[in-house]
Amino acid sequence: MANTKIKELAINYTARNFSSIKEELVSYTKRYYPSTFKDFSDASFGALMLDMVSYVGDVLSFYLDYQANESFLHTALEYNNIVKLSRQLGYKFDASGTSFGEVSFFILIPALSVGAVPDPAYMPVLRRGATLSSTSGNTFLLTQDVNFANSANQVVVGRVNNTNGAPLEYAIKAKGKVLSGQFKTVQYEIGQFKKFRKLEIPDGVNVAEVVSVFDSNGNPYREVDYLTQDVVYREVVNPSKNQREITPAILKPVVVPRRFIVEKTATQTLIIFGHGSDSDLSSDSISDPSQTILDLHGRDFITDKSFDPTNLVSSDKMGVGPSNTTLTVVYRTSTGGDTVNAPVGTVTGIERKRFTFDDASNLSSTKMSVVRRSLEVINENAIIGDQIDVSVDDIKQRAYGMFYSQNRAVTLQDYKTLVYSMPARFGSIARCAILKDQDSFKRNLNLFVLCLNSSGYLATANSSLKYNLKTWLNRYRMINDSIDVLDGQIVNFGLKFSILSETGTTNKAVILNRCLQALINHFNKPPDMGEHLDISQIYKLLNGVRGVADTITVDVTQKTGALYADTMFFIESAYSADRRIITLPPNMAYEFKFGTDFEGVAK
């Protein structure tokens, strides 16, 4: 027994790789089995066994270290693991990109027989869900009803009688909000009840949002942020026609006993249901909040009770899961990247539309058909909003920010985290900066944002995207904070440099092309707002190019003209004292827009 204890004390637990494990095994064998095993040559059978044990020990040690690293967000390297760990901190990963914007619709309405005005009976409502297309083949969906009877619409004479000049038709211009993508439908045959059932949607990461889920009995399932949430707020058409023009919809709390969450990985989009069955569903009505809070259980004293307004149903089943039915899932896909954006004037096609008239049964079917066929569309502003590809480092930083924000915005970093966390279906921000308004006596904040256009260059956000962003932040901001969403400034730079090639170099053009390509690769991703341009890094980059002996000069210029931003920026005053850094204001981002912005000379 004592001998065994001595052997245990001789084990070195710090040996973790192949060579150190084998070295310790050889030393252990020589010490405790000197007469049993003496042949330590590489060709012996004993050496083979030592190698095999060392091999197994090395593999086990590797996977032990790997699992330990992948268990923490800070040290994790695998994309899927980082996505899962970030979800624990409250960050919802979404790899699908969505552009959001506004389009203008034009329609011809017949004139009233009496009076030079359009006939209001033939002013239809274009229903949400209409499908539009751009000249490049991108698909966009109308997200709201467009009412051509709205008094804010522009009305002009469209066609007149050639004989007396009386108006025959009026052209009405109305605007509607659209987002990129297309609707798809998939059905699932559901058998016996299963707790926390998971369903995978076929399009994987290209799924931008799940629009609706219904079973064969017509029961709807609602998406929630987490399965313990049983109350959501639905958008309901305002029943008052007099107030509908200003307030088209109202929010109504709705209990959702049938609910699901959407979980995304790097390759999948999953729908997850709760573990309750239909027998657990006792009521679809909201509980009395006073009963929910003051659940005293016969005690004669009161303690502080936290109250969650999204949890008003007395059930711990986390929602009713489907069973013995057919689920129909409607979802929207968006491929992401630059393909979801649309330049000005490119959205002109109407693939699918649905009109409704207030009193269609008493109207002329011929005139209604003419009105339907006259519909035209065009986007007068660029439709943008897709975000830059999210790297693992981006996910980590946004997850940290989301965890510290705790669903409220107190610090400036909280606001930036919430901006980047806005659901993609409302549009995406590529770069943002938030600053305190120095001219305001109150806690007014200026939020500067930039997007990417269809070519992947920095661009200002359109009004629809900024409106969505302000609405999104209103859910989390402090009650005494006010936020103004403003356009960030873009300054386009050009760079001229001269290099000294190495002695004996005959083809200086090849070296120059290497330098140009190195600069293009280095500046292919736009910097953050307020990030400075480090001139010394450019010298270091060029000096590292094969064939370059030294970099002689590097001069930065501002590019202006029709293809560039019109921001006024004085480079000379922005240089640091040693001319190593060009400083930019916190609401500005620089960009080398084209490859031709780099010019060089090789000597």
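**Cysteines**

At 0% relative accessibility, cysteine 515 counts as buried, a word that here stands for under 20% relative accessible area with a 1.4 Å probe and protein chains only. Cysteine 432 is likewise buried, with a relative accessible area of 0%. If a disulfide is taken as a pair of cysteine sulfur atoms within 2.5 Å, the count comes to zero.

**Basis of the model**

This is a predicted model, in which local features need pLDDT of at least 70 and side-chain atom pairs count only at pLDDT 80 or more, while totals for chains, interfaces and linings use all residues. Residues are numbered from 1 along each chain as its sequence is written, and side-chain values use heavy atoms, with hydrogens and water left out.

**Nonpolar cores**

A nonpolar core is a set of buried Ala, Val, Leu, Ile, Met, Phe, Trp, Tyr and Cys residues joined through side-chain atoms within 4.5 Å. The largest has 29 residues, and those with the most contacts inside it are Phe493, Phe497, Leu533, Ile538, Phe569 and Ile582. Among the elements that give two or more residues to this core are strand 24 (489-501) and helix 10 (508-522), where helices (H or I, at least four residues) and strands (E, at least two) are DSSP runs numbered from the N terminus.

A second, separate core of 26 residues includes Phe148, Val347, Phe357 and Met368.

**Proline 118**

Proline 118 lies in the loop between strand 1 (100-110) and strand 2 (125-126), and is buried at a relative accessible area of 14%. Proline 118 and tyrosine 170 are 52 residues apart in sequence, yet 5.9 Å apart in space, C-alpha to C-alpha.

How values were computed:
Buried < 20%, exposed > 50% of the residue type's maximum accessible area, 1.4 Å probe, protein only.
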